[in-house]
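Please look at the structure below before reading on. The notes after it are meant to be read with the model in view.

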Amino acid sequence: MNGAQTVVAALGREGVDFIFGYPGGAIMPMYDALFQHPVRHVLCRHEAAAVFAASGYARTSGRVGVCCATSGPGATNLVTGLTDAFMDSVPVVAITGQVRTELMGTDGFQEADVCAITQGVTKMNFLVTDPAKIASTLHEAFALARSGRPGPVLVDIPNDLLKAQIDPAFAESQPLPVRAESRPRIDDAAIRDAVARIRAARRPVAIIGGGVRADAVEAYRTFVSLLGLPHASTIMGLGAGSYHDPAFLGMLGMHGLKAANKAVQRADVLIALGMRFDDRVTGKPDRFARTAQVIHADIDATEFGKIIRPDVTLHGDLRDTLEALVAELVRTQVPRFDDWAVEARLLGGPLPSDRVNEHVLSATDVLDRFFAALPENAVVTTDVGQHQMWAAQRARPTHPRNFATSAGLGAMGFGFPAAIGAQFARPDAPVFAVVGDGGFQMCLPELATLRRYKVPAKVLLIDNQNLGMVRQWQELFFSERYSATNLADNPDFAAIARAYGIEAFFANDPAGADETIRRFVDHQGPALLHAACHPTENVWPMIPAGMTVDDLMEARA
Amino acid sequence: MTCDLTLRDARSIARIVNLAHRFNCRCTRIDATTDDEATRASLAFDGPALALTRLRAQIDRILAYEAPAQ
């Protein structure tokens, strides 16, 4: 058995079914080992798409996503996706080929020190220097990726190690369990302190974040429904709060719903669950939820006090924490906050419309109709920009694994390959990517991946012939100086899709949009809907960067 | 701020020094020895109090990540 066969065997023991990648010189032995192997390789058309696909797979399944690339440019093309996974705590293992050991340090062909490059954007990376350690290193990488706060891990393997013969005793290292120390024991005193503050509260609000992906959805819903607690979500937590729950206020933050932002600002106790007070949520931290005592629960103690100083910290796995809170609450009389929940909901109102011209397709109208047409089990990925915020405001995911977006990094080009990965992870679910015309053009060649594997994922393209979010900021904050945001010379996207053998629909007329959207959603197999929308529609509401809900804008000045 | 660290991976020192620079702190002293088991390092940093707090938290996170699997 050689090193490459050891890699593939280790992937098999980890239960890996798909690996997203792109071949090249240094990693060729691994591709030889993958040939006709049960671990299926999915050939993407760019390494950046491969890592986004692995991320989409992981985000929508809860399993580790795996990608691979060759040395040098292949490896460096993974960097954005790894950073995205690091920011959003997504378990991804990346395997890169490296030049032969004897060439390392000689500026050899396709040599790059990918471990140094990715040190700051991975939980950890490994350069394997001994073929006998290939299997054990891979198993450690998987354990590390999914332990505690999940994240990406990179394993770099020189070409000569992939070709080296290995003693079978070293090749059969076994998978490692999730690290015990990564699931801290719940602090009972802190739980009692938190519950005492909740009991004494008059206007408590919960905020759920991406930490809910740690199998904490049911525990979260039990917690908020037990109290009748008004609750909001970060974009990473969407799907945790049930949209049938009238106390759920929706997404908060820069483009969040007014009720969510206002309720948080009026809260006297803020229960922050698996969220990290991102600046897109807090705006101006020293004016965020000024009157609230803060109870902060997170698996990563680094988050406590990083942005907002908490009054109580609950360090631990979120499901454990929520179950402990519920147990402590039900030990005596449970407070109810139904009246406050009604009041909180009334702080908002319908989403403001920015329809500019009733004869031109409005992006928000398209998205309203699209989400209304989706089945409950739909999985939606988004790219980054205006369409992402409009989608986050309107989507009704029934579980956090049904909504995947590049939240922390905001990496354009994520949405479409992530949908491909999601479809491999969830073959029975209808999968849709909502993308803009800017981001879609960063990953157009993945139409070939869709075609090759007959992936039935669909792409809703909101084309406003602009880099819309940047254009919106230029309009509002840069005196309408539209520098490098106009994409009026966009190609015929439907024709491009058809050239790849993908069914394409086109909509630009509000009158016929409903029917086109229905046909697109119901289409069996991969498809693109190119929705040509008004170019100047803005995302409202908006809290300008570094401001608070008091500065919330709902329309142009 | 001084930190006496036992690290599994000597490269983590570079990661920590890079973070210090990023947070507008200055690494004023690095003493490190390494053997087959671990790297033992003593580092000192100067910088704004808030930045040093943030740096310390990030160092703790790196230590948690690189701790050997059980």
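Predicted model: local features only at pLDDT ≥ 70, side-chain atom pairs only at ≥ 80, totals over all residues.

Residues are numbered from 1 along each chain as its sequence is written, while chains are lettered from A and ligands numbered from 1 in the order in which they are written.

**Chain A as a whole**
- Chain A has 23 helices and 18 strands, where helices (H or I, at least four residues) and strands (E, at least two) are DSSP runs numbered from the N terminus.
- Of the 557 residues in chain A, 57% are buried, that is, 20 or more other C-beta atoms, placed from the backbone, lie within 10 Å of the residue's own.

**Two helices of chain A**
- Helix α3 (residues 47–61) of chain A and helix α18 (residues 415–425) of chain A have axes that come within 6 Å and cross at roughly 45°, the axes being lines fitted to C-alpha atoms over the stretch in contact, with angles from 0 to 180 degrees between N-to-C directions.
- Among the residues making this contact are A:Phe52 and A:Tyr57 of α3(A) and A:Ile420 and A:Phe424 of α18(A), two residues being in contact if their C-beta atoms, placed from the backbone, lie within 7 Å.

**Where chain B meets chain A**
- The contact between the chains takes 14 residues from chain B and 16 residues from chain A.
- On the side of chain B that touches chain A, α1 (11–22) and α2 (49–66) of chain B each supply at least two residues, and the largest share, eight residues, comes from α2(B).

Technical notes: Buried ≥ 20, exposed ≤ 12 C-beta atoms within 10 Å, placed from the backbone.
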